[in-house]
Amino acid sequence: MRLSALALGTSLALGTTAGLAQAAPLDNEPLGARAAGPAAAPSIAAAPAAWAAGTRAYLVITTPGDTTAVRAAVASNGGSVFASYDAIGVIVAHSTSASFAATMRGVSGVQKVGATRTSDVPADAYNPALPANPAQAAAPTTEPVRSDMTQIKADQAWAVNPGSATVKVGILDTGVDDQHQDLAPNFNAADSVSCAYGKPDTRVGAWRDVDQHGTHVAGTVAAAKNGKGAIGVAPGVKISSVRIAEPGTTLFFAENTVCGLMWAGDHGFKVTNNSYYTDPWQFNCPNDLDQAAILEGVGRAQAYAESKGSLQVAAAGNSNVDLANKTTDSSSPNDSTPVTRTLTNDCLDIPAELPGVVTVAANGTSGTSKASFSNYGRDVIEVSAPGESVYSTVPGGKYASMSGTSMASPHVAGVAALLAGANPAYTPADIRAKLGEQATDLACPADARCTGTTAKNSFFGEGRVDALKAVSGSTPPAGKYFENLTDYAIADNSTVESPLTVSGVTGNAPATLKVGVDIKHTYIGDLKVDLIAPDGSVYNLHNRTGSGTDNIAQTYTVDASSEVANGVWKLRVSDNASADTGRIDAWNLTF
């Protein structure tokens, strides 16, 4: 089982700009304090004509399949159906009646009913405002490789395989600034959505950030390798925004999480990142009727997403507590007045503690320590990743350093995405297992709270994730590495060459010369791509295959053993049809 954090306020798994003169805030500290698919498509009933004070939201749980009778019972017992996820038997209902839940629990076919909040549903739920589309700052002119990326060997992984554009990663969070220059190249608007309030809002821009947390997370997963600002763990994959935070509060209620996980399953996300816990209860206890319904509803949604091929990765939380030994919670409910209550280990943080979800602890800046704020727990934490002072994207084309298990989790989601691209047949269970098998073992420090072995302990789980092993096994790429990051435009029916000077290599090139190619171009069936050796010899890499697929992000192996290594190599790209254009974004050679 897995667990998140224990303290006061909202559910963000910590994300604050570094350098502020304060201790790292807890993952559920109030925002003001931090900030100084077709098969399961929901059946959506007409919303009430007007919002009414006292409207509360409920999950009504019934048998998966045809929910017609129970939906009718909702309407006849003082409620309205806001959304219905028939594939998992979960109905999102609204009612102003204080007796609605008790009444519905007596209806035939109803298994559980629970209020999802202790505050009113906002009026915005009935006519949601679109988030702002911020003006963009000038793009940076540098893109330094950072310590968090070197710690997990992401910088070496890029030379082998930067990730496949066929892999979609869902960012379930506060939203994503899709206009950011480091996110736009990899952003997938077609599969982005807002799930705030519990049903999909597919309007353009509904997915945008209502804070900065989600944009930061997105950059850690897949900021483009484009010479600007930052690089994500998997810069070749696609990211989609699934905004599940509500504006103003930035809370992630159960119906929003259900909607987000169902969307992930129905839209082919291989991986999702979940740096939050489901509000308003930090821990949902099965002996409470409301919380039991939340556990069931969100649990069914996670199981559905996983059954559709989606692996969920989640932050462990930032309260520096032992999640294997729960005691009390004084932070919940965080949408009204918190109370102090006694916990048992049956009380779960969701989605992090649900079966099948990968729970991530944060390493400190050294890469071998536990971040001071990170939660821990024997047989709770699965893997760890960098989580202190992580530099990434924030809205408006900007960048910031933030700390938290929220920042560790997307490193793991990025590595999971690399695994998915390198091994298309892998199931979520396969990816989850490989993350642990390939992780770098970290021994317990001189701290009595850390129990277990070097191979698996309460601080780091099975260890710090390794991006290089995800794409190439345990052996780093041999030899010297050369790269050209200059963009070269590819016009219709034209040919362009990008040069790369190699020096300091003795003798000939290897029989396994690695050629990393990052080409941004719609309809790659138009393209012929060749490697040109210094003597003019031509090695074909891609010859008008792929039809209407967008972009080439791939590493090719070439037998260039007959070629002298030193000299000017070129990547030649020919566009052989009209209507589609693009650019050579970057390419590299590893000898």
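Helices (H or I, at least four residues) and strands (E, at least two) are taken as DSSP runs and numbered from the N terminus. The model is predicted, so local features need pLDDT of at least 70 and side-chain atom pairs count only at pLDDT 80 or more, while totals for chains, interfaces and linings use all residues. Residues are numbered from 1 along each chain as its sequence is written, and side-chain values use heavy atoms, with hydrogens and water left out.

## Pocket and cavities

Voids are found on a 1 Å grid over the protein atoms alone: a cavity is a set of points where a 1.4 Å probe fits but cannot get out, and a pocket is an open set with protein on both sides within 12 Å along at least five of seven lines. Lining residues have an atom within 4 Å of a point. Grid points are joined across faces, edges and corners, and a volume is the space filled by probe spheres set on the points.

| Void | Volume |
|---|---|
| Largest cavity | about 130 Å³ |
| Second largest cavity | about 40 Å³ |

The lining of the largest pocket consists of 23 residues, and S164, A165, T166, A553 and Q554 lie nearest its centre. At least two lining residues come from each of α9 (405–422), β22 (538–543) and β23 (552–558). Strand β23 gives the most, with five residues. For the class counts, Ala, Val, Leu, Ile, Met, Phe, Trp, Tyr, Cys and Pro are nonpolar, Asp, Glu, Lys and Arg are charged, and the others, Gly among them, are polar. On that basis the pocket lining has 10 nonpolar, 11 polar and two charged residues.

The largest cavity has a volume of about 130 Å³. It is lined by 15 residues, of which W158, P162, K225, D518 and N588 are the closest to its centre. Strands β17 (481–484), β20 (513–521), β23 and β25 (582–590) each supply at least two residues of this lining. Its classes are seven nonpolar, five polar and three charged.

Around the second largest cavity the lining is A165, N186, P235, G236, K238, D518, K520, N551 and A553. These residues divide into three nonpolar, three polar and three charged. A165 and A553 of this lining are also among the residues nearest the centre of the largest pocket. D518 likewise lines the second largest cavity and is one of the residues closest to the centre of the largest cavity.

## Helix packing

Helix axes are lines fitted to C-alpha atoms over the stretch in contact, and angles run from 0 to 180 degrees between N-to-C directions. Contact means heavy atoms within 4.5 Å. A crossing is left-handed if the near helix is turned anticlockwise from the far one by less than a right angle, and right-handed if clockwise.

The axes of α7 (residues 254–266) and α8 (residues 289–307) come within 8 Å and cross at roughly 15 degrees. The two helices are therefore roughly parallel, a term for angles under 35 degrees. Their crossing is left-handed. On the α7 side the contact involves A254, T257, V258, L261, M262, G265 and D266, and on the α8 side I294, G297, V298, A301, Q302, Y304 and A305. By class, this contact has nine nonpolar, four polar and one charged.

Helix α9, which supplies part of the pocket lining, also packs against α6 (residues 213–222), with axes that come within 8 Å and cross at roughly 35 degrees. This crossing is right-handed. H213, H216, V217, T220 and V221 of α6 meet S406, M407, P410, H411, A413 and G414 of α9. The contact holds five nonpolar, six polar and no charged residues.

Between α9 and α10 (residues 428–437) the angle is about 115 degrees, and the axes are 10 Å apart. The crossing of α9 and α10 is right-handed. V412, V415, A416, L419 and A420 of α9 make the contact with I431, K434 and L435 of α10. Seven of these residues are nonpolar, none is polar and one is charged.

## Backbone features in loops

The peptide bond between S332 and P333 is cis, with omega about -5 degrees. P333 sits in the loop between β11 (328–332) and β12 (339–342). A cis peptide bond also joins I350 to P351, where omega is near 10 degrees. P351 belongs to the loop between β12 and β13 (358–363).

N320 is not a glycine but has a positive phi of about 55 degrees. N320 is placed in the loop between β10 (311–315) and β11.

Note on methods:
Parallel < 35°, antiparallel > 145°, perpendicular 65-115°, else oblique.
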